[in-house]
Amino acid sequence: MAAIEESGGGGHGKGGGKVRGKKMSTRVDMTPMVDLGFLLITFFMLATTMSKPTSMSLAVPDKTEDQEKPTEPLKASKVLTLFMGANDDVYYLDGIAADDDKAPTELKTTRYGFDLRSVIFASQKRINAANPKDKDGNDAFVVVIKPTDVSTYKNMVDVLDEMAITKTKRYALVDALTDAEKKVLGDKIKPKN
């Protein structure tokens, strides 16, 4: 608590001098303040929850012999191909193969977030309306995600987040570009030195 100390006045026992008033000095005891500080620190440490790391679930096929059997190739008309470029750009081909003559003119650019989500929804709606579900009940719509040398890990996470948001069940991560895709993309995917 606070205590007031009084000290003697100015005469110092000699007679005939001026009489001064007593000096008052205050001293604040900081012990209760320190106790309160530690109580607050303890309270907030126990009352708050630490942020837990979040992870994204990613389903990958098992390595079994069943996977070795040849599969039917995807029709380009049922595929949205996303190429992750530099500076948060996404290049895409919607329903067209990279080796098609129209591919260079059909290659479009979008950004992550709402713009990419709109592209995915529009393509999903168009492809699923034009094609029936397969024998297993899966939609015809497939997204092929192709990171490039100039894309970042954050770009990959952003695209996978969009797959979860748009509830796209069928997508493939492909880490290699074909020669036709490299030709269509041109300088857009070349690292700048």
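1. First, a definition: on a 1 Å grid over the protein atoms alone, a pocket is an open set of points with protein on both sides within 12 Å along at least five of seven lines, and lining residues have an atom within 4 Å of a point. With that in hand, the second largest pocket is lined by 17 residues, and Val79, Thr81, Ala97, Lys146 and Glu181 lie nearest its centre. Strand S3 (79-84), strand S6 (142-147) and helix H5 (179-185) are the elements that give two or more residues to this lining. The largest share, three residues, comes from S3.

2. A word on what we're looking at. This is a predicted model, where local features need pLDDT of at least 70, side-chain atom pairs count only at pLDDT 80 or more, and totals for chains, interfaces and linings use all residues. Residues are numbered from 1 along each chain as its sequence is written, and side-chain values use heavy atoms, with hydrogens and water left out.

3. Back to the second largest pocket: its volume is about 250 Å³ (the space filled by probe spheres set on the points, with grid points joined across faces, edges and corners). Its lining divides into 11 nonpolar, two polar and four charged residues. Here Ala, Val, Leu, Ile, Met, Phe, Trp, Tyr, Cys and Pro count as nonpolar, Asp, Glu, Lys and Arg as charged, and the others, Gly among them, as polar.

4. For the overall layout, the chain has five helices and seven strands, in the order β-β-α-β-β-α-β-α-β-α-β-α from the N terminus on. These are DSSP runs numbered from the N terminus: helices are H or I with at least four residues, strands E with at least two. Of the contacts (heavy atoms within 4.5 Å) with a separation of 6 or more, 59% are between residues 24 or more positions apart.

5. Is S3 enclosed or open? Six of its six residues are buried, so S3 is largely enclosed by the rest of the structure. Buried means under 20% relative accessible area, exposed over 50%, and partly exposed in between, using a 1.4 Å probe and protein chains only. Val79, Thr81 and Phe83 cover one side of S3, with Leu80, Leu82 and Met84 on the other, and all are buried. Across the chain, buried residues make up 25% of the 193 residues.

6. Which strands does S3 pair with? Pairing requires that DSSP finds at least two bridges between two strands. S3 runs parallel with S6 over six bridges, and Leu82 stands opposite Ile145 there. With strand S4 (residues 89-94), S3 pairs in the antiparallel sense over five bridges, and Phe83 stands opposite Tyr91.

7. The S3-S4 hairpin has four residues between the strands, and Asn87 in the turn has a positive phi of about 55 degrees. Ala86 is also in the loop between S3 and S4 and counts as partly exposed at 24% relative accessibility. Ala86 and Lys190 are 104 residues apart in sequence, yet 8.9 Å apart in space, C-alpha to C-alpha.

8. Have a look at Thr110 too, in strand S5 (residues 108-111). Thr110 is buried, with a relative accessible area of 8%. Leaving aside neighbours within four places in sequence, Thr110 is in contact with Asp88, Asp89, Val90, Tyr92, Asp115, Leu116 and Val119.

Note on methods. 1 Å grid on protein atoms, 1.4 Å probe; cavity = no way out; pocket = protein on both sides within 12 Å on 5 of 7 lines; lining within 4 Å.
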